[in-house]
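Hi there,

Here is the structure I promised to pass along.

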Amino acid sequence: MAIETNSAFGRWERGAGRLATTLVVFGGACLVLACLLTGVSIIGSVTIRPLPGEIELVEALCGLAVFAFLPYCQLKRGHVGVDLVMSAFGGKAMDYAQLAGDLIVAVLFAVLTWRHGVGLLDKYGNGETTPLLLLPLWWGFAAAFVLMLANLLICVFVVAADLRALRHGNSIVVSMGSH
């Protein structure tokens, strides 16, 4: 995607890029923290005792990292590859197949975000906690819900960028390996 400087779409494109990049950094920090917690727990189990509840925290951090990486993957169109059969039909067919794939991913993430929101309300309402640390489960659900909303915004942007490219007679730009 070529970033325009002054148009509203260009600002939207830069914002989407910044959001996805920021979430990648957040996801990386979650994984680094999970590794550090695991390392400290292993050292503790050899010397004194392991960290209580470390597994619960590592699970939550790894889950958040996965949700944080999804928007960047979608922005780079890493979810959908259409080249196996479609390349025989030419560039336009590949572009429309990419648009169809991006639309399907956007709809799926809309449904997943909606259902995750329902699950969040359920976890909030029933007061369920983790077994060892007794942390409310809804906290992790709420953080993941915010990340899913960010991914949904990126999905909407990608579909809009696809439609804009097709309307202007341009090919849809995808990352290496997607086409």
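**What turned up**

Val-118 counts as partly exposed because its relative accessibility is 35%; buried means under 20% relative accessible area, exposed over 50%, and partly exposed in between, with a 1.4 Å probe and protein chains only. This is a predicted model, in which local features need pLDDT of at least 70 and side-chain atom pairs count only at pLDDT 80 or more, while totals for chains, interfaces and linings use all residues. Residues are numbered from 1 along each chain as its sequence is written, and side-chain values use heavy atoms, with hydrogens and water left out.

Val-118 sits in helix α4, residues 91-126. Helices here are DSSP runs (H or I, at least four residues) and strands are E runs of at least two, numbered from the N terminus. The protein has five helices and zero strands, giving the pattern α-α-α-α-α along the sequence.

Of the 179 residues in the protein, 35% are buried. Among contacts (heavy atoms within 4.5 Å) with a separation of 6 or more, 73% join residues 24 or more positions apart.

Now for the largest pocket. Its lining has 19 residues, with Glu-56, Ala-60, Leu-61, Trp-139 and Gly-140 nearest the centre. A pocket is an open set of points on a 1 Å grid over the protein atoms alone, where a 1.4 Å probe fits, with protein on both sides within 12 Å along at least five of seven lines; lining residues have an atom within 4 Å of a point. Helix α2 (54-75) and helix α5 (137-167) each supply at least two lining residues, and α2 gives the largest share, eight residues.

Best wishes
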